Amino acid sequence: MAANTNAEVSRREILRICFAVCLAVAVLSLVVEAESPGAASTDHIPQNRPANKEPDKLKLGKTENLIMKTIVPTTTQQPALAEKFYMKESSDGIVCFLASFAAIFQVTYLSEKGVQKTNWVTMPWNVTWSKDGPCRETNTELDISWDSYSFTLSFDVGTCSDSVDAENKDDGCWSMTALRLGYNTSDAAVFQNPKEEGTHKVYYNDSALFETPMGFSYLCNGDTVVTLKGHDEVTLKLSALQLQPFHVISGEFNEAYLCPQEATPSIPFRSQKAAIATGSVLAVASLCVIVGYYVRRTYFEKVKYQTME
């Protein structure tokens, strides 16, 4: 009887050791997983137009340090923005270009006394633009004009950069590669005693903007701010922006590729080290269950059966 009791105690100790080892391995794996670096990536998931975001917070990847500014009016209050829809058609009536946005320009210029002044120019509703093509496959432009102002947006097709996160990036990307604004400082409603009267031009062509996989439109409800330079310095703010200069289907915007500010964050991924540790824990836990079940069936249940006899 004493021998059976000692054997039973010994077997229980074996079980305790097995479960203690399993627990230790589990705790160790959790520590390893917690210390392993995880990273959250922001995927540009095509989505429907989201709610409006706070202004002046848009990020444009590698170009953000070059173009981002906060518009601070120095002389006059910023006027209201007017969103406008633009469309271009080919000679046979097929829509090949779509754009929708509101634009406002903050123009900084010198007065005749050499004093720096700033004023706002809002692109109005009653603008004209090049509605009839040409519809090209690799480059195109949108030419807009009103009063003494002309505004041109240029788009090109090329290979996608590493910053583009999309399954079909191998098909290439389109982007806005240049902006041009022309205006006449003789407009007394905007320019008060300018130092140089006449036609002025400013440009932006430092880097590509709004890089988007082919077949998608680009969507950003927040404000995009770009600085144009030339005779003067002009800060352009685009709001409620959606563009599709290529591959328009059925005359409507295709699925939207969101700007970084509005893209949906993906689930943070864990490193391979954490995955290996988790898998190891599951394997060891499974082994412990099998061993424990075998020990219980072989020794404990047998002892109980003999005791009942």
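This is a short tour of a predicted model, stop by stop, with something to select at each one.

Before you start, note that residues are numbered from 1 along each chain as its sequence is written. Because the model is predicted, local features need pLDDT of at least 70 and side-chain atom pairs count only at pLDDT 80 or more, while totals for chains, interfaces and linings use all residues; side-chain values use heavy atoms, with hydrogens and water left out.

**Stop 1: the cores**

Select F101, F105, M123, I144 and F151. These residues have the most contacts inside the largest nonpolar core, which has 43 residues. A nonpolar core here is a set of buried Ala, Val, Leu, Ile, Met, Phe, Trp, Tyr and Cys residues joined through side-chain atoms within 4.5 Å. Buried means under 20% relative accessible area, exposed over 50%, and partly exposed in between, using a 1.4 Å probe and protein chains only. Strand β2 (residues 95–110) gives this core its largest share, 8 residues. Strands are DSSP runs of E with at least two residues, numbered from the N terminus.

**Stop 2: strand β5**

Show the side chains of residues 139–146, strand β5.

Next, bring in the neighbors; two strands pair if DSSP finds at least two bridges between them. β5 pairs antiparallel with strand β6 (residues 149–158) over 8 bridges, and N139 stands opposite D156 in β6. Their hairpin has 2 residues between the strands, and D147 takes a positive phi near 45 degrees there. Strand β4 (residues 128–129) is also antiparallel to β5, over 2 bridges, with T128 opposite S145.

**Stop 3: strand β8**

Move to residues 199–204, strand β8: H200, V202 and Y204 form a covered face, and T199, K201 and Y203 an uncovered one. Strand β7 (residues 173–184) runs antiparallel to β8, joined by 6 bridges, and Y183 stands opposite H200. With strand β11 (residues 224–230), β8 pairs antiparallel over 2 bridges; Y203 has K229 as its bridge partner there.

**Stop 4: V190**

Finally, select V190, in the loop between β7 and β8. It counts as buried because its relative accessibility is 9%. Leaving aside residues up to four places away in sequence, V190 touches Y109, N119, W120, V121 and Y149, where contact means heavy atoms within 4.5 Å. The C-alpha atoms of V190 and V121 are separated by 7.3 Å, although these residues are 69 apart along the chain.

Definitions and conventions
Helix = DSSP H or I, 4+ residues; strand = E, 2+ residues; numbered from the N terminus.
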